Amino acid sequence: MTSVGASEQSQAELTEPTGTRQWGFIGSGKMATALIRGMLRSGVAGTANIAASDPLELARAGLAADTGIRVHEANLPVVEQSDVLVLAVKPQTMPQVLAQLRPLVGPRHLVVSIAAGISIAALLEGLGPERRIVRVMPNTPALLGEGASAYALGPGVPAADEAVVKAFLGSVGRAVRVPETMLDAVTGLSGSGPAFVYLMIEALSDGGVRVGLPRDIATMLAAQTVLGGARMVLETGLHPGVLKDQVTSPGGTTIAGLHALERGGVRGALIDAVEAATRRSAELAAGSSPKNEPSR
């Protein structure tokens, strides 16, 4: 497995494999916007190298004003101008989009899908068996350049294409390559995980209010504590259990709080949450609930 973060790569490493390529985004929702912002911020691509399409006039105007890129109503000009095509549409609209794009997508295109639950096999069936496909599972903290993404390569995708995808995802956080069979688990952990973390921050803030802190101070302290703890794990490389023990004194305040958490089953509840989200991702991918819109 290869882990890539924007902070771990030099600017040259980020820009070299991607700088001369033309990027096209089919769809301009929040995740597409986050990825485009990250590319522009890091120098992976400039405004002249990115185009997008969206059928909604308000969405087109908002993306153009926000990023300065070209935004079209139709998909055709985006496909014609692009070397890398990012499919950023809702999963339930993907079959129609693939049918429209099939005659337009050719050997020069690297196709990157960020649609949850749409398999590489389904993308190849929709676009043609010889297409170069990469499936990506990003998450919403990419909006702030702190995304946790995973990607899986389709058959025949060369190393040069993987370098492009790594730089692309590295511009909005950290990325890891996994087998496609693990992407449901990625969805359950990092895709749904931000919601679990928000719940924890809210609960910690509630605890602060319960013991006398004003709400704004409690929320700030809770959020910064989670952020600081996460950075300690990532930057020290130490196991979370080791870091936990480092702040847990015999007979002190922290062990009293940890005891309460263990009595409340917090550890098991979080494991169950990831398992439930993973299972739901697999169900949606299999089409067991076609009327339900997949959500992370």
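This is a predicted model: local features need pLDDT of at least 70, side-chain atom pairs count only at pLDDT 80 or more; totals for chains, interfaces and linings use all residues.
Local features here need pLDDT of at least 70 and side-chain atom pairs count only at pLDDT 80 or more, while totals for chains, interfaces and linings use all residues. Residues are numbered from 1 along each chain as its sequence is written, and side-chain values use heavy atoms, with hydrogens and water left out.

**Stop 1: β3.** Select residues 50-53, strand β3. Helices (H or I, at least four residues) and strands (E, at least two) are DSSP runs, numbered from the N terminus. I50 and A52 lie on one side of β3, A51 and S53 on the other. All four are buried, that is, under 20% relative accessible area with a 1.4 Å probe, protein chains only.

**Stop 2: β2.** Find I26, which stands opposite S53. Now show helix α2, residues 30-42: with β2 and β3 it makes a right-handed β-α-β unit. Right-handed means that, with the strands pointing away from the viewer, the path from the first strand over the helix to the second runs clockwise.

**Stop 3: β4.** Select residues 70-72. Three bridges join β4 to β3, again in parallel. A52 faces V71 across this pair. The chain gets from β3 to β4 through helix α3 (residues 57-67), in a right-handed crossover.

**Stop 4: S171.** Go to the loop between α7 (159-170) and β9 (173-177). Is S171 buried or exposed? Buried, at a relative accessible area of 4%. Its side chain reaches the backbone oxygen of F168 at 2.6 Å.

Technical notes: Buried means under 20% relative accessible area, exposed over 50%, partly exposed in between (1.4 Å probe, protein chains only). A polar contact is a pair of N or O atoms within 3.5 Å; within protein, one must be able to donate a hydrogen and the other to accept it, and residues adjacent in sequence count only if both atoms are side-chain atoms. Two strands pair if DSSP finds at least two bridges between them.
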